[in-house]
Amino acid sequence: METYKAHETAVIDPGCTIGDGTHIWHFSHIMPGCTIGRNCNIGQNVVISPLVVLGNNVKVQNNVSVYTGVTCGDDVFFRTQLRFLQNVVNPRSAVSRKDQYLKTHVGKGASIGANATIVCGHTIGEYAMIGAGAVVTKDIPPYALVVGNPSRQIGWVSEYGHRLSFNEKGIATCSESNQQYLLEGG
C-alpha cells in the first residue's frame, strides 16, 4: 500500500523507497534505487536520479534535477531552478565515467536558493544558506551564508535562517528562536 501521494503525471520507477506523507507533484520523475524520506514535498518537473538519498521533510521546488551521487540530510530546502551539475567534473558523451561519480552532500537544515548551481563533489554544511544564483565550487561550512559566482561566505545564519551578528565576545542571538551562537576560530 502506497503511503505517499503522487500526481497522475508523475513517473515513479520500480525500486524506489518513498516515505510516508511525501507528496510528488506534476511531471516529476523518481528513478530506480533512490530513497526519499518521510513528509517530503517534490515539486513539479523534478527529476530524482538513481541512488539519490533525500532525508525526511526535504522540500524540492519546481524544475530541479538531483543527480546520482547527491545525498541530503533532513529538513533541506531546494528552491526552484536549482542545478546540481552532473556527477563528474569532466563529462564527455563518448566517455563513460559512472565509476567516477563524485559525492555531493547537503547537510541537515541547509537551504539552497533559486537558480543556484552546485558543482559536484562538495559538502554543504548543516543549516548553511546558499543565496539565489550562487555557484558553489567548494565545501561550505555549517551555518555559513554564501552568495555570488563563485560563491563566497558573507556571514553566518541561525538554524531558523536569520543572519547572525556577533558581539565582541563572539556571541550572537537568533532574532526568532533566541538561540545563542558562539563564534570560535573565525
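Nine strands make up an open sheet here, in the order S1-S4-S7-S10-S13-S16-S19-S21-S22, and the pairing is mixed. Strands are DSSP runs of E of at least two residues, numbered from the N terminus, and two of them pair if DSSP finds at least two bridges between them. The edges are strand S1 (5-6) and S22, each of which pairs on one side only. Before going further, keep in mind that this is a predicted model, where local features need pLDDT of at least 70 and side-chain atom pairs count only at pLDDT 80 or more, while totals for chains, interfaces and linings use all residues. Residues are numbered from 1 along each chain as its sequence is written, and side-chain values use heavy atoms, with hydrogens and water left out.

Let's start with the S4 part of the sheet. Strand S4 (residues 23-24) pairs with S7 in the parallel sense, over 2 bridges, and Ile24 stands opposite Ile42 in S7. Ile24 also turns up among the contacts of Ile18 (contact means heavy atoms within 4.5 Å). Leaving aside neighbours within four places in sequence, Ile18 is in contact with Thr3, Tyr4, Ile12, Ile24, Ile30 and Ile36. Ile18 itself belongs to strand S3 (residues 17-18), and it counts as buried because its relative accessibility is 13%. The scale behind that word runs from buried (under 20% relative accessible area) through partly exposed (in between) to exposed (over 50%), with a 1.4 Å probe and protein chains only.

How far apart are Ile18 and Gln153 in space, C-alpha to C-alpha? The distance is 34 Å, for two residues that are 135 apart in sequence. Gln153 takes us over to S22, where it is the bridge partner of Val146.

At that end, strand S19 (residues 129-130) and S21 pair in the parallel sense over 2 bridges, with Val146 in S21 as the bridge partner of Ile130. S21 then runs antiparallel to strand S22 (residues 152-156), joined to it by 4 bridges. S21 and S22 form a hairpin with 4 residues between them, and Gly148 in the turn has a positive phi of about 95 degrees. The loop between these two strands also holds Pro150, and the peptide bond from Asn149 to Pro150 is cis, with omega near -5 degrees.

Some backbone angles deserve a look at this point. Most residues other than glycine have a negative phi, and most peptide bonds are trans. Asn45 has a positive phi, near 60 degrees, and is found in the loop between strand S7 (41-42) and strand S8 (47-48). Asn63 likewise has a positive phi near 60 degrees, in the loop between strand S10 (59-60) and strand S11 (65-66). Asn45 counts as partly exposed because its relative accessibility is 39%; for Asn63, the value of 30% also counts as partly exposed.

Is Ser49 buried or exposed? Ser49 is buried, with a relative accessible area of 7%, although it sits in a loop, the one between S8 and strand S9 (53-54). Not counting residues up to four places away in sequence, Ser49 touches Met31, Cys34, Val66, Tyr67 and Thr68. One of these, Val66, is 17 residues away along the chain, with 6.1 Å between the two C-alpha atoms.

Now for the interior. Nonpolar side chains tend to be buried together in soluble globular proteins. In this model, the largest nonpolar core has 42 residues, and Phe78 and Ile112 touch the most other members. A core of this kind is a set of buried Ala, Val, Leu, Ile, Met, Phe, Trp, Tyr and Cys residues joined through side-chain atoms within 4.5 Å. The elements that give two or more residues to it are strand S12 (70-72) and strand S21 (144-147). Beyond its neighbours within four places in sequence, Ile112 is in contact with Phe77, Phe78, Arg79, Leu82, Phe84, Val106, Ile118, Ile124 and Ile130.

A search of the whole structure finds 1 cavity of 30 Å³ or more, and about 40 Å³ of space lies in the largest cavity. Of the 11 residues that line it, Val70, Leu85, Asn87, Thr104 and Cys120 are the closest to its centre. A cavity is a set of points, on a 1 Å grid over the protein atoms alone, where a 1.4 Å probe fits but cannot get out, and lining residues have an atom within 4 Å of a point. Grid points are joined across faces, edges and corners, and the volume is the space filled by probe spheres set on the points. By class, the lining has 7 nonpolar, 4 polar and no charged residues, where Ala, Val, Leu, Ile, Met, Phe, Trp, Tyr, Cys and Pro count as nonpolar, Asp, Glu, Lys and Arg as charged, and the others, Gly among them, as polar.

Methods. On a 1 Å grid over the protein atoms alone, a cavity is a set of points where a 1.4 Å probe fits but cannot get out, and a pocket is an open set with protein on both sides within 12 Å along at least five of seven lines; lining residues have an atom within 4 Å of a point.
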